[in-house]
Amino acid sequence: MGVDLRQVVAGILTITMFVMLGQMLHRDYYDSLQKKVQGDAHDMEFEGSRVSVKDSLVGAVEGSKGPWMDDNSDLNPCWPTLLPDEAVSSKGYVTFSLTNGPEYHVSQITDAVMVAKHLGATLVLPDIRGSKPGDERSFEDIYDSDKLIKSLENVVKVVKQLPEEVSLRNIAIVKVPTRVTEDYIKEHIDPIFKSKGNIRVASYFPSVNLRKSLQDGETDPVACLAMFGSLELQPEVNAVVESMVERLRTHSRKSGGRFIAVDLRIDILEKKNCHSTGVVGSKTCYNAQEIALFLRKLGFAGDTTIYLTQPRWDSSLNILKNIFPKTFTKEAIMPASKRSKYLESENSEYENVIDFYISSRSDVFVPAISGLFYANTVGKRIALGKPQVLVPAEISETSGIATDFISPYISKKNHLAYSCFC
């Protein structure tokens with residue numbers, strides 16, 4: 001039986017029409033989806049409001065898909081060189097613990113160093129206590145103790161353990177406001193230290209705001225060194241972070257190896273309920289669909305790689321993955337040989353530390369949640385010369401300019417870190 005050429009052509013045309021129709025429906029679906037989930041207008045404040053960034057602050061990277069920006073390598077530590085201080089002898093001991101996650105550790109280390117320095121005391125390496133009962137680790141499980149001791153050798157003596165002859169019963173617990181000053185130490189802590197001989201410092205946080213204050217005066221160089229020059233991951237944990245960053249960059253070849261980190265955790269979103277802050281159009285947090293539309297309207301391509309701090313995948317994240325298929329949580333990119341140790345339980349101290357350091361190293365950081373994680377990640381990024389921190393907001397038009405959403409911490413240079421880097 002002969003083949004009718006006209007029937008073959010008609011069949012090909014029919015198949016082509018169905019393919020084109022499918023593509024049109026696919027586009028229509030996502031276009032309508034974006035319109036439906038925009039929600040109410042909310043220019044995010046996050047310690048400020050929408051801002052414009054001068055061209056001199058950041059420059060767009062040419063030849064890449066999306067509003068990527070160059071790193072800023074011009075900043076250097078500007079605190080004075082600290083010389084050995086022979087007056088710092090062992091008059092007693094200052095102990096403390098690291099608690100509540102890496103975003104708190106930075107401040108807790110700084111407060112303890114400041115107290116020990118200005119009391120002339122010896123600092124004892126802390127233990128690390130997680131948010132759950134029994135989640136306790138030694139300092140060396142996560143951080144590099146030798147690095148910390150070496151970095152502080154001209155400032156304060158540091159020992160790994162409290163001597164056995166020192167009784168824990170004789171250690172007075174002293175609550176210290178974070179960003180503690182020398183004057184506060186002299187007035188409130190020195191008398192207790194002279195009376196008891198040894199103290200245990202417990203930092204509390206009157207505010208999670210890390211903006212510079214006119215009342216602060218010049219930042220103490222000891223505080224700068226402690227905050228930005230003493231705390232590093234121990235080699236094994238650092239290697240895990242490096243391998244995960246490299247995996248993300250491998251997924252990002254089409255964008256020059258660049259990737260976005262988004263601090264988005266479902267449990268915190270549920271607790272905060274993303275409510276208004278009291279400032280017109282401002283919210284405390286943003287969900288996955290709002291983040292997806294924010295990034296898409298800024299011009300990030302659909303194949304952009306995104307890392308989420310969410311511990312494990314949740315169905316509410318599917319909308320983000322539909323628009324950005326290369327969206328990952330840590331279990332998808334961590335080396336298989338390391339998962340049993342570092343993913344042993346959700347919200348473990350290991351996981352929190354990994355999130356903090358990947359968010360600090362990413363090419364773009366987007367804080368879906370306001371708070372201390374956001375503030376201290378920005379500080380770390382300023383120290384690393386990575387200024388692209390985009391504060392979410394609804395973009396009412398079909399597109400937006402990324403520099404309009406740079407964090408005020410950076411655009412206004414009002415973060416505490418700018419007292420230490422210049």
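User: What makes the side chains of Glu232 and Lys147 count as a salt bridge?
Analyst: Their N to O distance is 3.7 Å. A salt bridge requires a side-chain nitrogen of Lys or Arg within 4 Å of a carboxyl oxygen of Asp or Glu, so this pair qualifies. Glu232 sits in the loop between helix H6 (221-229) and helix H7 (235-251), while Lys147 belongs to helix H4, so the bridge ties together parts 85 residues apart in sequence. Helices here are DSSP runs (H or I, at least four residues), as are strands (E, at least two), numbered from the N terminus. The model is predicted: local features need pLDDT of at least 70 and side-chain atom pairs pLDDT 80 or more, whereas totals for chains, interfaces and linings use all residues. Residues are numbered from 1 along each chain as its sequence is written, and side-chain values use heavy atoms, without hydrogens and water.

User: Why is Lys147 called partly exposed?
Analyst: The relative accessible area of Lys147 is 28%. Buried means under 20%, exposed over 50%, and partly exposed in between (1.4 Å probe, protein chains only), so Lys147 falls in the middle class. Glu232, at 39%, is also partly exposed.

User: Are Lys330 and Glu351 buried or exposed?
Analyst: Lys330 has a relative accessible area of 0% and Glu351 has 1%, so each is buried. Their side chains meet in a salt bridge at 3.9 Å, N to O. This pair links distant parts of the chain, with Lys330 in helix H11 (residues 330-333) and Glu351 in helix H13 (residues 349-361), 21 residues apart. Both belong to a network of salt bridges that also includes Arg312 and Asp355.

User: Why does Asp111 have no salt bridge?
Analyst: The nearest side chain of opposite charge, Arg179, is 8.0 Å away, which is not within the 4 Å limit, so no bridge is counted. Lys and Arg count as positive, Asp and Glu as negative; His and the chain ends are left out.

User: What makes the link between Asp111 and Ser203 a polar contact?
Analyst: Their side chains are joined at 2.9 Å. A polar contact is a pair of N or O atoms within 3.5 Å; within protein, one must be able to donate a hydrogen and the other to accept it, and residues adjacent in sequence count only if both atoms are side-chain atoms. The Asp111 side chain also reaches the backbone nitrogen of Arg179 at 3.1 Å.

User: How many aromatic pairs does the structure hold?
Analyst: There are 11. In one of them, Phe356 and Tyr357, the ring centres are 5.4 Å apart and the planes lie at 80°, so the pair is edge-to-face. Rings of Phe, Tyr and Trp (its six-membered ring) pair with centres within 6.5 Å; planes under 30 degrees apart are stacked, over 60 edge-to-face, and the rest tilted. Tyr374 and Tyr409, also 5.4 Å centre to centre but with 45° between the planes, are tilted.

User: Why is helix H9 described as largely enclosed?
Analyst: In H9 (residues 288-298), 9 of the 11 residues are buried, so the rest of the structure largely encloses this helix. Among the buried residues are Glu290, Phe294 and Lys297. At the N-terminal end, Asn287 caps H9 with a side-chain oxygen 3.3 Å from the backbone nitrogen of Gln289. Gly299 follows H9, with a positive phi near 105°.
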